[in-house]
Amino acid sequence: MSNVYVFDHPLIQHKLTYIRDENTGTKEFRELVDEVAALMAYEITRDMPLKDVTVETPVMEASCKILSGKKLGLVPILRAGLGMVDGILRLIPAAKVGHIGLYRDPETLQAIQYYAKMPSDIGERELIVIDPMLATGGSASEAIRMIKNMGAKNIRMMCLIAAPEGIERLQEDHPDVDIYVAAVDEKLDEKSYIVPGLGDAGDRLFGTK
């Protein structure tokens, strides 16, 4: 069964409060999501392996550390996932970025694909699938299924807020995918919105309704 990691860092929790606030405007909301994504990336990469190298400092030769192992790839689920990419890329600029486009059928609530573009070497990368909200888990589960079919083997899921229902769905469908969130909220409402949540992340990021 996949593990769920909830980041309780004070800066993440502080900024998440303003992200939730309905009085936070589009510009500030976008900036806050960007900042929290960077802070979460700092935490999610804590276990990345290192290797020893030797460099010449202006004073002498020194033994230092650099990243080793598989390279990273980011896979935002369109469109809301885009709001978290830049913050992560500032921390990990060499990461490649794929895109998954899904929409939820309003009648069946099933995730339907309309776009997919991945780096050619995703099987050699550690992938982070990104979506601000993990509500029913349908879109995330479908996105992960798709990139597994394209050859991905090492996948993590990063969200700002998750509902228990979404976590349970992802654990059932993809027990090998660990889940990283800033908060686990109470439940889903009758429209499958996370309660208390933050509203529609895509609309708030891009100023649409």
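**Entry 1: annotated binding site.** I looked up the UniProt "binding site" annotation (unreviewed entry), and it covers Arg79, Arg104, Asp131, Pro132, Met133, Leu134, Ala135, Thr136, Gly137, Gly138, Ser139 and Asp200. From this set, the lining of the largest pocket takes in Arg79, Arg104, Asp131, Met133, Leu134, Ala135, Thr136, Gly137, Gly138, Ser139 and Asp200. UniProt positions are in the numbering used here, feature names are shortened, and annotations may be inferred rather than shown by experiment. A further "binding site" listing in UniProt (unreviewed entry) has Ile194, Gly199, Asp200 and Ala201. The lining of the largest pocket includes Ile194, Gly199, Asp200 and Ala201.

**Entry 2: ground rules.** I note that the model is predicted, that local features need pLDDT of at least 70 and side-chain atom pairs count only at pLDDT 80 or more, while totals for chains, interfaces and linings use all residues. Residues are numbered from 1 along each chain as its sequence is written, and side-chain values use heavy atoms, with hydrogens and water left out.

**Entry 3: largest pocket.** I used a 1 Å grid over the protein atoms alone: a pocket is an open set of points with protein on both sides within 12 Å along at least five of seven lines, a cavity is a set where a 1.4 Å probe fits but cannot get out, and lining residues have an atom within 4 Å of a point. Grid points are joined across faces, edges and corners, and a volume is the space filled by probe spheres set on the points. The largest pocket has a volume of about 720 Å³. Of the 29 residues that line the largest pocket, Arg104, Asp131, Met133, Ser139 and Asp200 are the closest to its centre. The lining divides into 15 nonpolar, 8 polar and 6 charged residues (nonpolar: Ala, Val, Leu, Ile, Met, Phe, Trp, Tyr, Cys and Pro; charged: Asp, Glu, Lys and Arg; polar: the others, Gly among them). S4 (71-78), S6 (99-104), S9 (133-134), H4 (138-149) and H6 each supply at least two lining residues; helices (H or I, at least four residues) and strands (E, at least two) are DSSP runs numbered from the N terminus.

**Entry 4: Thr136 and Gly138.** Thr136 lies in the loop between S9 and H4. I find its side chain reaching the backbone nitrogen of Gly138 at 3.2 Å. Gly138 is in helix H4 and is buried, at 8% relative accessible area (buried is under 20%, exposed over 50%, partly exposed in between, with a 1.4 Å probe and protein chains only). Not counting residues up to four places away in sequence, Gly138 touches Ala111 and Arg169, where contact means heavy atoms within 4.5 Å.

**Entry 5: Ile194 and Asp200.** Ile194 lies in strand S13 (residues 194-195) and is buried, with a relative accessible area of 8%. Asp200 lies in the loop between S13 and helix H6 (201-206) and counts as partly exposed at 29%. Leaving aside neighbours within four places in sequence, I find Asp200 in contact with Arg79 and Tyr193. The side chain of Asp200 reaches the backbone nitrogen of Asp203 at 2.9 Å.

**Entry 6: cavity.** I count 1 cavity of 30 Å³ or more. The largest cavity has a volume of about 50 Å³. Its lining is Ile44, Thr45, Asp47, Met48, Leu72, Glu126, Leu127, Ile128 and Arg156. Strand S8 (residues 125-130) gives the most to this lining, with 3 residues.

Key
Polar contact = N/O pair within 3.5 Å; in protein donor to acceptor, adjacent residues only side chain to side chain.
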